[in-house]
Amino acid sequence: MASLNALVIATGTGEPLLSVRPKPIHLLCGRPMVSYVLAALAEAGVTSASVVTGPDGGWIAKRVSAEPLALSIRFVDQGGASGNVEAALIGLDGLDDNDDEVDLLLVPADIPLLRSDVVAAMIASHRATRSACTVMVGPAGVDVAQSASRVVLDRRGACVALTRTPDRVAETNRIGPEALGIFVVRRDVLAPVLRRIVPDPFTRQASLDAIVEVLADSGNQIGLFENDRLDDVVPVDSRHHLADAEAELRRRTNDYWMRRGVTMVDPATTYIDSTVLLGRDVTIFPSTMLQGATVVGDRSQIGPFTRSQRLPHRHGLRDRNGQGIEAVVGDECVVGRLASLGPGSAVKGATRTGPLCCRD
């Protein structure tokens, strides 16, 4: 079976979010959004990823490198090039040149809700159909964004192209479902195809969508993988999107811990970073916020109105060591109402605290 690599396009700036921080490293539940994408890819079987960065590549690489991830990552600077086609070509330099027997995922960095089981199912579909390229699409008749590309089908129902101008498609073809911007491509065909892509005559821009048409014109089979979890692949392009993604990731984090023996009296007011570790039989009362590298021991009770605070930011740019607080709450502790666990906090086992800042 072919190995599995990924090419992650992380060239976005903070402009859509009106921020100086590059979009791929805006934090969600304590982690950069691109880290969620990389974690989903790793869980789906990706062993190596090339992350293509834009003007703030050093900032992105430094922040993401502080995250423990279960795959090999190389960061490649896009330099003076522009556009996702050029980014993909440059990103190939971050992968092993001696291994063409690879299935390669092309994924944007701004879809932090991407699920590993969906990626794994897409890979399985790609390999089962022996396609040169597989495109993730939404259900037929359902639109996510008006600006999204649509699948073009020939009279036999085969995918022959993607288009953003469906009104210009030939009468012999018909419009299919919406493409969601995620591709699986055989590594050995990708570089030649990227070099053949020319700017669209209507938009005057070169797009990764053209991979499909170039391969189809060469007689290659294009597969379609339907994903009905559309909310999981909507790009984060505004502060509203950022808040929506944070809420969903917080819900997933709370669900994860409750399935592992943690009691949350009111999950709706419980805020737990994805970097926090909780023991068994922990009880968390309402209006509690646990951030950074906080560790809570077995049978402890936290809250209500308790917060583990972040370490101070230097010039508002980043957290020390890529984490927030380094707080430890021992087994069988009771951290009381209005307690504030500050930088370096440590609560010894079987300790009961009141409304104070605990520090060992």
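Predicted model: local features only at pLDDT ≥ 70, side-chain atom pairs only at ≥ 80, totals over all residues.
Me: Why is Ile211 called buried?
Reply: A residue counts as buried when its relative accessible area is under 20%, and Ile211 has a relative accessible area of 0%, so the word applies to Ile211. Ile211 is found in helix α6, which covers residues 210–217.

Me: What makes up the surroundings of Ile211, leaving aside its neighbours within four places in sequence?
Reply: With those neighbours set aside, Ile211 is in contact with Leu106, Cys133, Leu190, Val193, Leu194 and Ile197, where contact requires heavy atoms within 4.5 Å. Val185 and Ile211 are 26 residues apart in sequence, and their C-alpha atoms are 9.1 Å apart in space.

Me: How do you know that α1 is largely enclosed by the rest of the structure?
Reply: Of the 11 residues of α1, 10 are buried, and therefore the helix is described as largely enclosed. The buried residues are Met33, Val34, Ser35, Tyr36, Val37, Leu38, Ala39, Ala40, Leu41 and Ala42. After α1 comes Gly45, which has a positive phi near 110°.

Me: What makes the largest nonpolar core a core, and which residues touch the most other members?
Reply: The term asks for buried residues of nonpolar kinds joined through side-chain atoms within 4.5 Å, and the largest such set has 35 residues, among which Leu38, Leu41, Leu105, Val107, Leu114, Met136 and Ile182 touch the most other members. At least two residues of this core come from each of β1, α1, β4, α2, β6, α4 and β10, and α1 gives the most, with 6 residues. Leaving aside neighbours within four places in sequence, Val107 is in contact with Leu7, Val8, Ile9, Val37, Leu41, Leu114 and Ile182. A second, separate core has 34 residues, including Ala132, Leu162, Leu208 and Ala216.

Me: How do you know that β10 pairs with β6, β7 and β8?
Reply: Two strands count as paired if there are at least two bridges between them. β6 and β10 have 4 bridges in the antiparallel sense, β7 (residues 133–137) and β10 likewise pair in the antiparallel sense over 4 bridges, and β8 (residues 150–153) is joined to β10 by 3 bridges, again antiparallel; each pair therefore meets the requirement. Within β10, Phe183 is the bridge partner of Leu106 and also stands opposite Val135, while Arg174 is the bridge partner of Leu153.

Me: Why are β12 and β21 said to stand at the edges of their sheet?
Reply: The open sheet has 4 strands in the order β12-β15-β18-β21, with parallel pairing. β12 (263–264) and β21 (334–335) each have a single partner strand, so one side of each is left without a neighbour in the sheet. For β21, 2 bridges join it to β18 (residues 301–302), the two running parallel, and Val334 is the bridge partner of Gln301.

Key
Residues numbered from 1 in each chain as written. Heavy atoms only, no water. Buried < 20%, exposed > 50% of the residue type's maximum accessible area, 1.4 Å probe, protein only.
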